Amino acid sequence: MALPMLRGCYRLPSTLSFTRLFLNESPVLNRSGRRRLSPCSAAAVAVSVRPYSSEQGEHKQKVVVVGIPNPFIWFRTRIYYFLIRTYFDKEFNIEEFAEGAKQAFSHVSRLLSQCQFEALEGLVAKDLIGKLEEKCSSLPSDYKKALSADPDEIMYTTPGDVGIFYDDNGRKFVSILMRFWYLTSAQLPDESMEGTRIFKVAIGDGEEEPETKRLLTAIYEFQREFTKGVPPDWTITRIEHSKLLD
């Protein structure tokens with residue numbers, strides 16, 4: 001199942017009965033603007049800078065991100081994927097979904113960086129757009145630049161929290177939270193970026209000054225209603241850019 005371009009926007013009813021997979025948690029901004037708990041990544045991530053050579057003999061460096069999945073969490077998420085394929089979408093494939101989510105993340109993060117909030121309509125939940133506009137409008141220019149994740153700078157993508165929701169009217173919802181690690185060359189003050197990793201990435205023959213990049217994380221939650229007759233659109237209902245939208 002390929003992730004369609006996110007269209008349509010809907011709100012969850014106020015009363016829901018749900019089954020949800022919880023992981024370790026930390027506060028993020030959700031669509032209501034309240035502080036809620038977000039799951040930790042299902043992987044421990046190690047990051048290193050490794051040298052390599054091109055065909056022309058130039059010495060370069062690249063950032064390598066290695067994920068080490070938690071076996072228990074990996075098993076639990078597979079159960080949820082099985083339930084989605086069995087009861088909601090028999091063609092669902094988490095690898096294809098993750099690739100589509102990665103493209104959507106890059107696109108939406110660029111719109112956020114450029115403060116193109118009207119262009120987010122149909123991609124992001126309406127009530128969340130207002131909260132994002134309030135947050136982003138007061139950000140310094142370098143912070144806005146750091147929101148944008150170029151596809152080539154996304155180092156690692158992994159699914160996290162998975163939720164299956166039912167409301168009192170029988171409407172069915174599935175949500176999948178994705179975590180992204182990406183590099184940015186935006187000049188961010190060190191004192192406000194405590195806990196993030198900084199790399200000097202050298203490209204070329206070594207004569208030029210290495211470019212300094214910082215590894216940031218982002219969390220996006222994708223949600224879709226699976227009620228019969230509803231368009232098969234995924235909507236982003238939750239966004240966090242660590243250290244930027246706190």
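This is a predicted model: local features need pLDDT of at least 70, side-chain atom pairs count only at pLDDT 80 or more; totals for chains, interfaces and linings use all residues.
Biologist: Why is Cys136 called buried?

Modeller: Its relative accessible area is 0%. Buried means under 20%. Cys136 therefore counts as buried.

Biologist: How many disulfides does the structure hold?

Modeller: The structure holds zero disulfides.

Biologist: How do you know that Cys115 is in no disulfide?

Modeller: The nearest cysteine sulfur to that of Cys115 belongs to Cys136, 5.7 Å away. A disulfide needs the two sulfur atoms within 2.5 Å. Cys136 is in no disulfide either, and its nearest cysteine sulfur is that of Cys115.

Biologist: Where is Cys115, and why is it called partly exposed?

Modeller: Cys115 lies in the loop between helix H2 (94–113) and helix H3 (126–136). Its relative accessibility is 28%. Partly exposed runs between the buried limit of 20% and the exposed limit of 50%. So Cys115 counts as partly exposed.

Biologist: What makes the phi of Cys115 worth a mention?

Modeller: Its phi is near 55 degrees, a positive value in a residue other than glycine. Most residues other than glycine have a negative phi. Lys243, in the segment after strand E10 (235–241), also has a positive phi, of about 75 degrees, and is not a glycine. At 30% relative accessible area, Lys243 is partly exposed.

Biologist: What makes strand E7 largely enclosed?

Modeller: 12 of the 13 residues of E7 (residues 172–184) are buried, so the rest of the structure largely encloses this strand.

Biologist: How do you know that E6 and E7 pair?

Modeller: Pairing needs at least two bridges. Strand E6 (residues 154–167) and E7 have 10, in the antiparallel sense, so they pair. One of the links joins Thr157 to Phe180 in E7. The two strands form a hairpin with four residues between them. Gly170 in the turn has a positive phi of about 85 degrees.

Biologist: Which strand pairs with E7 over 12 bridges?

Modeller: Strand E9 (residues 211–225), also antiparallel. Arg179 stands opposite Ile219 in E9.

Terms used
Residues are numbered from 1 along each chain as its sequence is written. Side-chain values use heavy atoms; hydrogens and water are left out. Buried means under 20% relative accessible area, exposed over 50%, partly exposed in between (1.4 Å probe, protein chains only).
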